[in-house]
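Please read it alongside the sequence and the structure.

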Amino acid sequence: VELQPEERAILGGERGEAARRALEYQVKVGEFWGAKRFVPVTNAHMMGDIEVMGDGGLQWLKDTAALGARCAVGTTTNARCFDFAHCEELGQDAGEAAKERELIACLRRMDVVTTDTCINYQTVYQPHLGEHVAWGDTGTVIYANSVFGARSNFESGPAALAAAITGRTPEYGFHLDAHRRGSFTVELQATLDDLADWGALGKLVGEPHQSYFSVPVFHGYRRSPAADELKHLGAALASYGSMGMFHFVGVTPEAPSLDAALGGRSPAERIVITDADIERAYAGYRLGDGDARLVVFSGPQQSLFEMKQLAALFDGRKVKAGSRCFATTNGAVLAQARALGYAGTLEAAGVTLLEGVCFYILQNLSPMRVANGWTNLVSNSAKIVNIIGAHRFNTILRRTRDCVDIACTGVLK
Amino acid sequence: VKIAVERAYGDAVEGEAVVSEEGFSPRYDLDRWSGTITKPGHKLEGTSLKDKICFFPTAKGGIAAGWAFYDIKWKKIAPKAFVFGVTNPVMVQGAVFAGITITEGWAPHPRGLIETGDWVRVDPAGKLVEVLRRRQ
């Protein structure tokens, strides 16, 4: 990695020991990937909570804060594992909650803005075409690369924090033009009218093409997709396919045409997705023992428009006695949803609204599953039904309206 | 048996091989308290990765994997090395952060050449993996 004078100064300790260590770490990662230089970033988004970090990670964070680490660019946090208001009711561990508070305080000392959201791209920061950022989780990265035309790799917690401290990241992967060209095409003949359909599409395209550097190019769709639809598509592609970027002809900024999206390459494969394909994806979920007592709207957190839609669907109805329904969102969306009455409608229906968390990383989730006797988890998020398996849920993807019906009737279809 | 790797980081290490036909995520597949693969149906279900040299064809999983390697290293249940066919940035960022040796890309493919239980050496500087002795 070729270093500029400023980077050599950082390695020489001119910006303190924390920055020196952060850059030293980034050089090692950059060398692995053959990066030739660093690029400045304007924004960082990091995952950091006690569930993912553990005691070792917390100790490291404390040590790093004690070295005087400070963010050089605007830095936000991803969804975390505690909504402290619901900690006791959910049977979460008080000791771990105390560590989480310590961890949050530590991040704030380092100038991290603890937004606790995985939809920063909808609510906090929208980078422009060509802007280099250092983001994680994967859903934020694929949205940044694809919809904004910004440039980020999947940056894990330590890597995003290092970028935040040094204000730069090694130039490899999606920072380079070469990796941003489409590699195969997907013609959309399917109707895709529910958010879950977009997640199912991401599963159908991602699962058989698992590669970080595989970039699908969608084309032929009958209308312009909405932000929430692209969000569910991206989150599912990243989850099932480990993908960091897609193009959508006529929609995303680097895809004015199919040829432009492919960057002169011929596609390695041409796929067509029809309504029948989407229906087959839904039919592929096993219903297990038929347990329908857990319905989750999470992963990614709900946008204001998703909250509005859920409120309309739950209006005047009740979550069935003995069932639980959770929706997660961030503090900003929840505040507006309260002001607009959506939150009130949802809570009156018996939906539990969790702030600043994602359901899948909730601390103590496996014991929570056992204590409640849950076997199935129903969601309209293709991402969450994919990633929560390690907690031994049998997961079922259903359309938003069907999820609401299942929550209110306790009947799984 | 010698296998060349394309990219590598970390100290030279040797240990017992665990060879997987299936990809790996420290979040989806691994119990982060015991160091054992617990995901139901994973081809290595029940196998401990502690102190092993792990061969995985692909990487799975999201951003959270980045902290997970440091977590298992802290708990002293980490593998000595990860040898991936294809990996992703999060695995590399996580392994480098935790000080665990990691490589990507292999020629030839270790299938049929290295078996679980063989004693192998990973040399990042030489970009080489070799079998030192066969499983007893």
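**Salt bridges and a helix crossing**

E207(A) is partly exposed, with a relative accessible area of 39%; buried means under 20% relative accessible area, exposed over 50%, and partly exposed in between, with a 1.4 Å probe and protein chains only. This is a predicted model, in which local features need pLDDT of at least 70 and side-chain atom pairs count only at pLDDT 80 or more, while totals for chains, interfaces and linings use all residues. Residues are numbered from 1 along each chain as its sequence is written, chains are lettered from A and ligands numbered from 1 in the order in which they are written, and side-chain values use heavy atoms, with hydrogens and water left out.

**Salt bridges**

- Over all chains, the structure holds 36 salt bridges, each being a side-chain nitrogen of Lys or Arg within 4 Å of a carboxyl oxygen of Asp or Glu.
- E207(A) pairs with K203(A) in a salt bridge whose closest N and O atoms are 3.3 Å apart.
- K203(A) is buried, at 15% relative accessible area.
- Salt bridges with shared partners join E6(A), E7(A), R15(A) and R168(A) into one network.
- Within that network, R168(A) and E7(A) form a salt bridge, with 2.9 Å between the closest N and O atoms.
- R168(A) lies in strand β5 (residues 168-170) of chain A and E7(A) in helix α1 (residues 5-11) of chain A, so the pair ties together parts 161 residues apart in sequence; helices (H or I, at least four residues) and strands (E, at least two) are DSSP runs, numbered from the N terminus.
- R168(A) counts as buried at 10% relative accessibility, and E7(A) is buried at 3%.

**A link between two loops**

- R222(A) forms a salt bridge with D193(A), the closest N and O atoms lying 2.8 Å apart.
- This pair links distant parts of the chain, 29 residues apart: R222(A) is in the loop between β7 (216-219) and α9 (227-241) of chain A, and D193(A) in the loop between β6 (184-188) and α8 (195-206) of chain A.
- R222(A) is partly exposed at 48% relative accessibility, whereas D193(A) is exposed at 53%.

**Helices α2 and α7**

- The axes of helix α2 (residues 17-32) and helix α7 (residues 157-166), both of chain A, come within 9 Å and cross at roughly 125°; axes are lines fitted to C-alpha atoms, for helices over the stretch in contact, and angles run from 0 to 180 degrees between N-to-C directions.
- That makes α2(A) oblique to α7(A), where under 35 degrees counts as roughly parallel, over 145 as roughly antiparallel, 65 to 115 as roughly perpendicular and the rest as oblique.
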